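Opening the notebook on this one.

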Amino acid sequence: MNRVYGAKMQGRKLTGVLFLLIAGLLFMGKRVDAQGAFTIESRIDGYQSVLLQWESDREDYIYQIQRAHKKTGPFETLTSISGQTGVVSSYDHDVVLGDTYYYKVVKVTGNQTAEESQVIKMKILLPAPVNVNIVKLEEEQIKLSWNKVEGATGYIIYRSNNKEKGFKKIGETAKAKFTDKNVKGGALYYRVKAVKKKRKAVSGNPSDTVSVYLKPCVPVVMGSYEKNKIKITWKKSEGADTYYVYKKNSKGTYKKLGTTNKLYFTDKKVKKGNYYEYKVTAAYSREGITRKSKKSRACKVLADVIDPDKKMIALTFDDGPGRYTEDIVNCLKKNNGKATFFVLGCNVDSYKNALKAADKIGCQIGNHSYNHKILTKLSKKEIREQISQTDTKVKNVIGKTPDLVRTPGGAISDTVNSTVGKPIILWSIDTLDWKTRSKDKTIKAVMRDIKDGDIVLMHDIYEPTKNAACFLIPKLKQEGYQLVTVGELAKYRGYALKKGTVYRRLRRK
Ligand code: ZN
């Protein structure tokens, strides 16, 4: 193995040396050429005006400035210059905006020996606007102004978050000023081009870049507790790439906890049962300038899974488990939430994995009868069978028997209540998802009325409900709701759930 590797290496080295030799020869050839060449430079200098410049080392040279409409000629001599050393400048004002010209300079040295410069192509553009300035900085507005460009009928304004690239057109104006009404935060860079619209549209060269360094937006911070640590998260703050995280100490002052360029920070130094408070600052540095946002509002987090001082609700899903149950469970898991699934015994065997997944993340499994018979129409014996068959099915899969019952259709009677042998959980928010089969209507039904202690009724067997749930779960969390099981809601709101009693909501007593 070693020998093969060595041989390969040698081959590679040889090729490398050969390549360098050839490259060196080519490079030397080019240099020799460049030393002997007579070169000129050109640029647009003012309105309809081309400036040519070159270096002259002798006074007795005559320079003929020649121009053509095609690269190959014919070239006509515009003017001749002599008796100069140093940098020689020659203007051509006799050009048409939008047209293209080819220039060269012929050097005549005493007795008819001539040397020619390279041929330079020039498109006659409007000159770049100069003196581009930020005249006013207001909240969410930046006002720019610049000197008028002769011949321009308007200007195009470009903006980027990068000084070198990515400039996009943000507006057009006929005046030599512009207000950018859509700025949030961060480093902003502007360039302006002049344009002439009449007859031939001609756009000029871009101006120099002007820079504005706004403070980044103040981040909105959320926190949650999970497995002995607190995770603080925030959304990307406009213009920021660095975040400073502060934690309130026992004296009540915020001390820097860390710096990150991610959108989260994990605090492992927490004791279960204690409250902690955090603030975050967004920042960035560009061209040696650092800008920091104000500190965010304090984010208070209890180092426990459920904070009794915060709002909480119970999402419940009936008639499953079904083909959408696992998606809902995954969404809950991602958002650190829980729900209660009131299942039908007849569906359990087909969706064992969904049931296991729900149980594993701490969701509660309730009993919704065996095959959705309206219990008020059944005998006591039949009611008992509907409940016990489902209890057995669930126990076989997750090893636990459901503690709660939701009667099909919410149908209850004294007989039913006393026969089911468990607390009966109905609901305070009926989404009517089974009827509307609409994601939007289901979302609206929840968001319109939701309050602490609510029990929300949905069905995990419809796709629109799944989509609504996957929207609602992060949304409710964002609004400060803890998504808990019915059992947890009862516990933290001070209810000892009793057999045969009907509960529709579990508000703070
Ligand atoms: Zn049902």
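My entries follow, one topic at a time.

**Ground rules**

I am working on a predicted model, where local features need pLDDT of at least 70 and side-chain atom pairs count only at pLDDT 80 or more, while totals for chains, interfaces and linings use all residues. I number residues from 1 along each chain as its sequence is written, and side-chain values use heavy atoms, with hydrogens and water left out.

**Zinc site**

I started with the metal. Which residues coordinate the zinc ion? I find Asp-319 through OD, and His-368 and His-372 each through NE2, at 2.1 to 2.2 Å. I took donors as N, O and S atoms within 2.8 Å of the metal (3.2 Å for Na, K and Ca); water is not among the atoms, so the site may look incomplete. Along the sequence I read the donor spacing as D-x48-H-x3-H.

My terms: buried is under 20% relative accessible area, exposed is over 50%, and partly exposed is in between (1.4 Å probe, protein chains only). His-368 has a relative accessible area of 2%, so I put it down as buried. His-372 comes out at 30%, so it goes down as partly exposed.

**Salt bridges**

I counted a salt bridge when a side-chain nitrogen of Lys or Arg is within 4 Å of a carboxyl oxygen of Asp or Glu. How many salt bridges does that rule give? I get 22.

For places in the fold I use DSSP runs numbered from the N terminus: helices are H or I with at least four residues, strands are E with at least two.

Buried or exposed, Glu-488 and Lys-338? Both are buried.

Then I checked Asp-349 with Lys-393, where the closest N and O atoms are 2.7 Å apart. Asp-349 sits in the loop between α3 (345-348) and α4 (352-360) and Lys-393 in helix α5 (residues 380-398), so the pair ties together parts 44 residues apart in sequence. I have Asp-349 as partly exposed at 41%, and Lys-393 as partly exposed at 23%.

Arg-507 and Asp-454 also meet in a salt bridge, at 3.2 Å from N to O. I place Arg-507 in the segment after β32 (502-503) and Asp-454 in the loop between α8 (439-449) and β30 (455-459), so-called distant parts of the chain, 53 residues apart. Arg-507 is partly exposed at 25%, whereas Asp-454 is buried at 2%. I also noted one network, in which salt bridges with shared partners join Lys-169, Glu-172 and Lys-197.

**Positive patch**

On the surface I find a patch of positive charge formed by Lys-227, Lys-229, Lys-231, Lys-268, Lys-333 and Lys-360. Patch members need over 30% relative accessible area and no salt bridge, and like charges are joined within 9 Å (nonpolar side chains, Val, Leu, Ile, Met, Phe, Trp and Tyr, within 5 Å). Areas come from the Shrake-Rupley method with a 1.4 Å probe, counting only the protein chains shown as cover for residues. Lys and Arg count as positive and Asp and Glu as negative, with His and the chain ends not counted; I place each charge at NZ of Lys, CZ of Arg, CG of Asp or CD of Glu.

I found a cis peptide bond from Gly-73 to Pro-74, with omega near 5 degrees. Pro-74 is in the loop between β3 (61-68) and β4 (76-82). The bond from Gly-320 to Pro-321 is cis too, with omega near -5 degrees, and Pro-321 is in the loop between β25 (312-318) and α2.

Gln-48 is not a glycine, yet I read a positive phi of about 45 degrees. I place Gln-48 in the loop between β1 (41-44) and β2 (50-56), partly exposed at 21%.
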